[in-house]
Amino acid sequence: MIVVMKPGATDAQIQNMVRRVEEMGLKAHVIVGTERTVIAAVGEKRNGEREKLESYDEVEKVVPILAPYKVASRELKPQPTCVEVGSLTIVAGHIGVIAGTCSVESEAQIMESARKVKAAGATALRGGAFKPRTSPYSFQGMKEEGLKLLAAARDATGLAIVTEVMAPEQVPLVEKYADVLQIGARNMQNYNLLQAVGETRKAVLLKRGPAATMEEFLLAAEYILDQGNKDVMLCERGIRTFESHTRFTLPLASVTYLHQKTHLPVVIDPSHGTGIASLVPDMCCAAVACKADGLIVEVHPDPHHAISDGAQSLTPEVFADTMQQCRKVAAALGLTM
Ligand code: PEP
Ligand code: MN
């Protein structure tokens, strides 16, 4: 339910309503809008709650949230959510760009990547220190050593760090170094992990599972929001279909659909979405054209020798050219980048 407070409701009245909601065994999420405050009351539904809450003078109305995901829904919060972490801003009307290598491989590799993606216009650095690999025999990442190199790259360039956390027990370690915790596609429905990152106050980049529906994707985001972490970004990274000419199929309509259903920002990953470097620049432009709030792009100083995902990684030169093209598309639509 959404408890809509009257304009001018005092803080004390809002806190009082939060207590009433909690006494009903529901969780209260307060959303302060420009004109009025609303309180999302979420949890198991019982009879008579709506009428009880509506009986307070300071309450304008109480309306049900129809979507199965509650805190993520646009019904609750029509204004888009802005995620701001250091150098990275992801919000409607402005495209934030996260770029860098698939994995952190060495100090020289991550430093060169950081400097070059920054020069091309990236506003955050990506790099996996814990890598979810299809085969147990593939490189699994540099782990804490990799996190330290990412932190050093942030010190050198000022770029915010986006890196994956694969298990709840890794959260304390990864959050010590990262600015944004990435939840990988394979972990989208790892509910213990979603709750663990939800308990932190670090921004989260939640990747869509390759076989997840939009509703499952939004309910996964709901697990994080339900723990009180408001800084969630949704990442469309492609889904598994019958098609095999690309690694995954990248549905760009997800951007518009998600913008209609949720206030959370949407980031497009054309690298995993296609798996083929030559397709990535145009998909970056297309993502900007459909008003994605951000891009996450794999860029490697020497893609042929990358330990992971070289085939989908852009060279720094191609990335710089892609950013120039994207800026033109953005400007044509009145967006900033
Ligand atoms: C990655 O970002 O390198 C990655 C493993 O992505 P995904 O979880 O989308 O496969
Ligand atoms: Mn990758």
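Two strands pair if DSSP finds at least two bridges between them. I keep that in mind for this model, which is predicted.

**Entry 1: strand S9**

Next I checked the directions of the residues. Ala160, Val162 and Glu164 point one way, while Ile161 and Thr163 point the other way.

**Entry 2: the neighbours of S9**

Which strands pair with S9? I found S8, residues 124-128, which pairs with S9 in the parallel sense over three bridges. Here Leu125 stands opposite Ile161 of S9. I also found S10, residues 180-183, again parallel to S9 and joined by three bridges. In this pair, Thr163 has Leu181 of S10 as its bridge partner.

Then I followed the chain. From S9 it runs through helix H5, residues 171-177, to S10, and this β-α-β crossover is right-handed. S8, helix H4 (residues 144-157) and S9 also form a right-handed β-α-β unit.

**Entry 3: the manganese ion**

I turned to ligand 2, a manganese ion, and listed its protein donors: Cys102 (SG), His272 (NE2), Glu298 (OE) and Asp309 (OD). They lie 2.1 to 2.4 Å from the ion. Along the chain their spacing reads C-x169-H-x25-E-x10-D. Cys102 sits in strand S7 (residues 96-103) and Glu298 in strand S14 (residues 294-298), so this pair ties together parts 196 residues apart in sequence.

Why does Cys102 count as buried? Its relative accessibility is 3%, and the cut-off for buried is under 20%. Glu298 is buried too, at 1% relative accessible area.

Conventions. Residues are numbered from 1 along each chain as its sequence is written. Chains are lettered from A and ligands numbered from 1 in the order in which they are written. This is a predicted model: local features need pLDDT of at least 70, side-chain atom pairs count only at pLDDT 80 or more; totals for chains, interfaces and linings use all residues. Side-chain values use heavy atoms; hydrogens and water are left out. Buried means under 20% relative accessible area, exposed over 50%, partly exposed in between (1.4 Å probe, protein chains only). Helices (H or I, at least four residues) and strands (E, at least two) are DSSP runs, numbered from the N terminus. A crossover is right-handed if, with the strands pointing away from the viewer, the path from the first strand over the helix to the second runs clockwise. Donors are N, O and S atoms within 2.8 Å of the metal (3.2 Å for Na, K and Ca); water is not among the atoms, so sites may look incomplete.
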